[in-house]
Amino acid sequence: MIIIDDGSTDHSVTIIQEYVQKDPRIVLLQQENAGSASARNKGIRHANGQYICLLDADDIWELNFLESQIHFLKEKKAAVVFASYKLINEQSKDIRLPVLARPSITYRQMLVTNFIGCLTGLYDRTKYGKIYLREELKSLRDDYAYWLDIMKQSDIAYGNLEILAKYRVRRASTTGKKLALIKAQFAFYKNYLRFGYWQSLLNTVYWGFCGFSKFSK
């Protein structure tokens with residue numbers, strides 16, 4: 001277990017150090033606060049495992065997530081797979097309809113919008129080596145960029161129709177936060193992917209439509 005302390009300000013480090021003393025399999029690595037992309041990259045650099053997955057603290061994997069996804073990946077002989085997932089509220093209750101994975105997606109399709117639920121993606125690093133998150137994005141759309149960078153190598157990813165995770169939907173954000181999110185998505189298309197203004201605008205509209213469809217069912 002490799003634990004990255006990204007400049008925490010509580011007593012987490014003291015608690016973790018107690019476990020480090022008890023079990024040499026637990027490793028604590030500390031850094032000044034630099035955001036989730038930086039912390040994840042530090043973990044990836046020090047990890048020796050074959051598979052890489054990303055899971056935020058408030059989301060949940062089903063108990064058979066890894067077993068099912070690794071079996072599915074081997075069956076497809078793929079570099080990356082993803083899966084269907086449920087939507088839950090802050091009380092962990094199911095809400096709306098599950099988000100069902102597409103059977104497969106290509107790199108070109110991923111350029112339009114992110115079809116991989118970040119909490120369900122699994123990458124076999126023996127295919128193309130370790131791939132890192134883009135820290136320059138400041139943890140905004142860095143998960144989208146991460147799966148895009150992998151898809152650029154593999155060109156195709158396969159979707160497991162089995163529901164294997166739960167994504168937590170927080171209460172509706174303010175209008176200001178929503179506008180900031182839209183601006184960030186537009187900037188990602190225009191500045192990171194280097195699309196023209198109108199293509200960036202069209203993709204942002206499609207992204208918004210997909211999000212509305214997913215969260216309004």
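Biologist: Which element gives the most to the lining of the second largest pocket?

Modeller: In this predicted model, helix 2 gives the most to that lining, with 5 residues, and the elements that give two or more residues to the lining are helix 2 (36-46), strand 3 (51-52) and helix 3.

Biologist: What volume does the second largest pocket have, and which residues lie nearest its centre?

Modeller: The volume of the second largest pocket is about 600 Å³, and of the 21 residues that line the pocket, Arg-40, Ile-52, Cys-53, Leu-54 and Leu-55 lie nearest its centre. By class, the lining has 12 nonpolar, 4 polar and 5 charged residues.

Biologist: Why is Lys-77 called exposed?

Modeller: Exposed means over 50% relative accessible area, and Lys-77 has a relative accessibility of 70%, so Lys-77 counts as exposed. Lys-77 lies in the loop between helix 3 (65-76) and strand 5 (80-88), and although Lys-77 is not a glycine, its phi is positive, at about 55°.

Biologist: What makes Asp-155 partly exposed?

Modeller: Buried means under 20% relative accessible area and exposed means over 50%, with partly exposed in between; the value for Asp-155 is 44%, and therefore Asp-155 is partly exposed.

Biologist: Where is the place of Asp-155, and what is its phi?

Modeller: Asp-155 is found in the loop between helix 6 (142-154) and strand 9 (156-168), and its phi is near 70°, which is a positive value in a residue other than glycine.

Definitions and conventions:
Residues are numbered from 1 along each chain as its sequence is written. This is a predicted model: local features need pLDDT of at least 70, side-chain atom pairs count only at pLDDT 80 or more; totals for chains, interfaces and linings use all residues. Side-chain values use heavy atoms; hydrogens and water are left out. Helices (H or I, at least four residues) and strands (E, at least two) are DSSP runs, numbered from the N terminus. Buried means under 20% relative accessible area, exposed over 50%, partly exposed in between (1.4 Å probe, protein chains only). On a 1 Å grid over the protein atoms alone, a cavity is a set of points where a 1.4 Å probe fits but cannot get out, and a pocket is an open set with protein on both sides within 12 Å along at least five of seven lines; lining residues have an atom within 4 Å of a point. Grid points are joined across faces, edges and corners, and a volume is the space filled by probe spheres set on the points. Ala, Val, Leu, Ile, Met, Phe, Trp, Tyr, Cys and Pro count as nonpolar, Asp, Glu, Lys and Arg as charged, and the others, Gly among them, as polar.
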